[in-house]
Amino acid sequence: MKRFLSVLSILCAFVMSVQFFLMSPAAMAGEVPAVITPPGACFLDINQCGNSSSCTCPDEYEYSPIVGYCLIEDIDDATERGNAVKSICSMQAAFIPTTCTDDLNSVGYPSKCLCPGSTHYDQRFGQCVASFR
């Protein structure tokens with residue numbers, strides 16, 4: 001019985017690793033979104049933006065507790081926008097009086113925008129994001 005459980009444990013670990021590989025955006029046929037919903041575990045706490053303070057993201061992505069999504073680390077690796085970001089701590093740069101560059105990055109957003117107050121622009125999803133200390 002102990003041997004059976006050992007083999008079953010190894011088999012489950014293998015299946016889980018294959019599943020994570022197949023779910024990763026890099027494994028998809030050339031489609032690499034800039035923004036994805038966290039596929040991994042998240043803490044159950046909620047921050048001032050209404051999001052988990054930490055979630056597990058695939059390689060090449062980092063979790064943003066401000067917007068609650070996994071964001072690609074290098075925008076040049078992205079081939080599409082991915083999930084639309086909706087957060088109480090960010091606002092679409094196109095809807096506020098701001099100055100943006102005319103050039104567009106690989107996902108169709110300006111590479112730079114001036115944002116009001118203590119917000120900063122994130123070109124991975126084209127929004128001005130609150131800064132917290």
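**Strands, disulfides and a salt-bridge network**

Modeller: In β3, Leu71 is the bridge partner of Val35. Bear in mind that this is a predicted model.

Colleague: What makes β1 and strand β3 a pair?

Modeller: Two strands need at least two bridges to count as paired. β1 and strand β3 (residues 69-72) have 2 bridges, in the antiparallel sense, so they meet that requirement.

Colleague: Let's turn to the cysteines. How many disulfides does a search of the whole structure find?

Modeller: The search finds 5 disulfides. With the bonded cysteines numbered in sequence order, they pair as 1-3, 2-6, 4-5, 7-8, 9-10.

Colleague: What makes Cys57 and Cys70 a disulfide?

Modeller: Their sulfur atoms are 2.0 Å apart, and the cut-off is 2.5 Å, so the pair qualifies.

Colleague: Why is the disulfide of Cys57 and Cys70 called left-handed?

Modeller: Because the torsion about its S-S bond is about -85°. Cys57 lies in the loop between β1 and β2 and Cys70 in strand β3, so this pair ties together parts 13 residues apart in sequence.

Colleague: Why does Cys57 count as buried?

Modeller: Cys57 has 19% relative accessibility, and buried means under 20%, so Cys57 falls within the class. Cys70 is buried as well, at 0%.

Colleague: How do you know that the disulfide of Cys100 and Cys113 is right-handed?

Modeller: The torsion about the S-S bond is about 110°, so the disulfide is right-handed. The sulfur atoms of Cys100 and Cys113 are 1.9 Å apart, which is within the 2.5 Å cut-off.

Colleague: Is Cys100 buried, exposed or partly exposed?

Modeller: Cys100 is partly exposed, because its relative accessibility is 29%; that class lies between the 20% and 50% limits.

Colleague: What joins Cys115 to Cys128?

Modeller: A disulfide, with S to S at 2.0 Å. The link is left-handed, with -75° about the S-S bond. Cys115 lies in the loop between β5 and β6 and Cys128 in strand β7, so parts that are 13 residues apart in sequence are tied together. Both Cys115 and Cys128 are buried.

Colleague: Strand β7 also holds Gln127. Why does Gln127 count as buried?

Modeller: Because Gln127 has 4% relative accessibility, against a limit of 20%. Its side chain reaches the backbone oxygen of Val85 at 2.8 Å, and a polar contact needs 3.5 Å or less. Beyond its neighbours within four places in sequence, Gln127 is in contact with residues including Ser90, Met91, His120 and Asp122.

Colleague: Now the charged residues. What makes Glu62 and Arg124 a salt bridge?

Modeller: The closest N and O atoms of Glu62 and Arg124 are 2.6 Å apart, and the limit is 4 Å, so the pair passes. This pair links distant parts of the chain, with Glu62 in strand β2 (residues 61-64) and Arg124 in the loop between β6 (119-122) and β7, 62 residues apart.

Colleague: Which residue meets Asp122 in a salt bridge?

Modeller: Arg124, at 2.7 Å from N to O. Shared partners join Glu62, Asp122 and Arg124 into one network. The count of salt bridges comes to 2.

Colleague: What share of the 133 residues is buried?

Modeller: Buried residues make up 37%. The chain exposes about 8,500 Å², with carbon and sulfur atoms supplying 61% of it.

How values were computed. Residues numbered from 1 in each chain as written. Predicted model: local features only at pLDDT ≥ 70, side-chain atom pairs only at ≥ 80, totals over all residues. Heavy atoms only, no water. Helix = DSSP H or I, 4+ residues; strand = E, 2+ residues; numbered from the N terminus. Buried < 20%, exposed > 50% of the residue type's maximum accessible area, 1.4 Å probe, protein only. Polar contact = N/O pair within 3.5 Å; in protein donor to acceptor, adjacent residues only side chain to side chain. Contact = heavy atoms within 4.5 Å. Salt bridge = Lys/Arg side-chain N within 4 Å of Asp/Glu carboxyl O. Areas by Shrake-Rupley, 256 points an atom, 1.4 Å probe, with all protein chains shown as cover.
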